[in-house]
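Visitor: I have a model open and would like to learn how to read its features. Could you walk me through a few?

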Amino acid sequence: MKIETMIFAIVGVFFLPVAIVYGFLVEWKEWVGILALLLCFGLGIMISSYLMLTGRRVGLRPEDRDDAEIHEGAGEQGHFSPWSWWPLVLGASAAISFLGVAVGWWILFIGAGIALVALVGWVFEYSRGDHAH
């Protein structure tokens with residue numbers, strides 16, 4: 001995860017001087033842009049730190065080694081539910097939430113409630129019913 005760590009570190013560090021220069025250009029009167037750039041700095045550093053700590057814990061992957069063979073990266077990459085309907089419900093709730101921001105704030109709360117139900121259903125999909133482990 002060395003490459004990913006460096007990419008996010010560079011992106012994160014890039015936004016700090018950009019935020020300072022932007023602050024001088026707007027004479028420190030427009031705080032939304034400055035805050036957004038500082039949050040981009042924090043997000044890049046946060047992701048970089050997470051990847052660095054995870055890379056230390058997991059160790060080198062085949063992608064990180066120069067002497068790795070193609071077959072070392074083969075095999076199962078994760079567990080995905082091909083029959084799950086919860087992502088569709090979660091996407092619909094996101095659409096309802098965005099509609100609520102545009103039309104009326106009360107719709108946002110309906111979308112957030114549906115999103116909460118969909119997220120819990122997706123997380124606990126394999127803890128109940130026919131597919132319980």
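Guide: Over residues 105–124 the chain is 95% helix and 0% strand, with the end C-alpha atoms 29 Å apart. This is a predicted model, where local features need pLDDT of at least 70, side-chain atom pairs count only at pLDDT 80 or more, and totals for chains, interfaces and linings use all residues. Residues are numbered from 1 along each chain as its sequence is written, and side-chain values use heavy atoms, leaving out hydrogens and water.

Visitor: At roughly what angle do the axes of H1 and H2 cross?

Guide: Axes are lines fitted to C-alpha atoms, for helices over the stretch in contact, and angles run from 0 to 180 degrees between N-to-C directions. Helix H1 (residues 2–25) and helix H2 (residues 31–58) have axes that cross at roughly 160° and come within 8 Å. Contact means heavy atoms within 4.5 Å; among the residues making it are Phe8 and Gly12 of H1, and Leu37 and Phe41 of H2.

Visitor: Is Glu125 buried or exposed?

Guide: Buried means under 20% relative accessible area, exposed over 50%, partly exposed in between (1.4 Å probe, protein chains only). Glu125 has 11% relative accessibility, so it counts as buried. Glu125 sits in the segment after helix H4 (105–123). Leaving aside neighbours within four places in sequence, Glu125 is in contact with Ser81, Trp83, Ser84 and Trp86.

Definitions and conventions
Helices (H or I, at least four residues) and strands (E, at least two) are DSSP runs, numbered from the N terminus.
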